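Please read this briefing alongside the sequence and the coordinates.

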Amino acid sequence: MEQTYTPTTLGKGYEPTSVFSYPTQAGITENMLTSFVSYLDTAPTTALSYGKSLKVFFEYLQAKGISNPTREDLLAYRAELLAKDKATTTATYINALKQFFKWLDYKGIYKDITSHLKGAKVGHD
């Protein structure tokens, strides 16, 4: 039986309608996030993690007034994450971002601008 994930199944704190409240032109939209999460063939916890990680990215885009992100925007986003979060958190957020942009490219919606984008070095103790 195929499992789909919707904003409702993603749980507390995932509210895609609050992610983008401004119009975009051929840019990244909240509907794309919802479609991506529904498309995932993963465990519910992974879908939840991706949804929450991407919500942080969308909040960043909104705060910066970006609707059509570039590679430079992603590099600035990663730098901001590294300045405030642990390397493991940054790596998780960047991994979700990379999967999202691969999906956008696969669907012919938006070019994958994450090619060769590194996450964060995570030290192993």
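The points below are grouped by topic.

This is a predicted model, in which local features need pLDDT of at least 70 and side-chain atom pairs count only at pLDDT 80 or more, while totals for chains, interfaces and linings use all residues. Residues are numbered from 1 along each chain as its sequence is written, and side-chain values use heavy atoms, with hydrogens and water left out.

**Packing of H2 and H4**

- The axes of H2 and H4 (lines fitted to C-alpha atoms, for helices over the stretch in contact, with angles from 0 to 180 degrees between N-to-C directions) come within 9 Å and cross at roughly 90 degrees; helices here are DSSP runs of H or I with at least four residues, numbered from the N terminus.
- The two helices, H2 and H4, are therefore roughly perpendicular, a term that covers angles of 65 to 115 degrees.
- Residues making the contact (heavy atoms within 4.5 Å) include Tyr50, Leu54 and Phe57 of H2 and Tyr93, Leu97 and Phe100 of H4.
- By class, the contact of H2 with H4 has 10 nonpolar, 5 polar and no charged residues, where Ala, Val, Leu, Ile, Met, Phe, Trp, Tyr, Cys and Pro count as nonpolar, Asp, Glu, Lys and Arg as charged, and the others, Gly among them, as polar.

- Tyr60 belongs to helix H2, which spans residues 44–64, and is buried at a relative accessible area of 10% (buried is under 20%, exposed over 50% and partly exposed in between, with a 1.4 Å probe and protein chains only).
- Leaving aside residues up to four places away in sequence, Tyr60 touches Ile66, Asp73, Ala76, Tyr77 and Glu80.
- Although Tyr60 and Glu80 are 20 residues apart along the chain, their C-alpha atoms are separated by 9.5 Å.

**Salt bridges**

- The count comes to 3 salt bridges, each defined as a side-chain nitrogen of Lys or Arg within 4 Å of a carboxyl oxygen of Asp or Glu.
- Lys55 pairs with Glu59 at 3.7 Å between the closest N and O atoms; both lie in helix H2, 4 residues apart, about one turn of the helix, and Lys55 is buried at 14%, whereas Glu59 is partly exposed at 37%.
- Lys64 forms a salt bridge with Glu80, the closest N and O atoms being 3.6 Å apart, and this pair links distant parts of the chain, with Lys64 in helix H2 and Glu80 in helix H3 (residues 71–84), 16 residues apart.
- Asp85 and Lys84 meet through their side chains at 3.8 Å, N to O; Asp85 is partly exposed at 25%, and Lys84 is exposed at 56%.

**Backbone at His116**

- His116, in the segment after helix H4 (87–106), has a positive phi of about 65 degrees although it is not a glycine, and it counts as exposed at 71% relative accessibility.

Technical notes. Angles under 35 degrees count as roughly parallel, over 145 as roughly antiparallel, 65 to 115 as roughly perpendicular and the rest as oblique.
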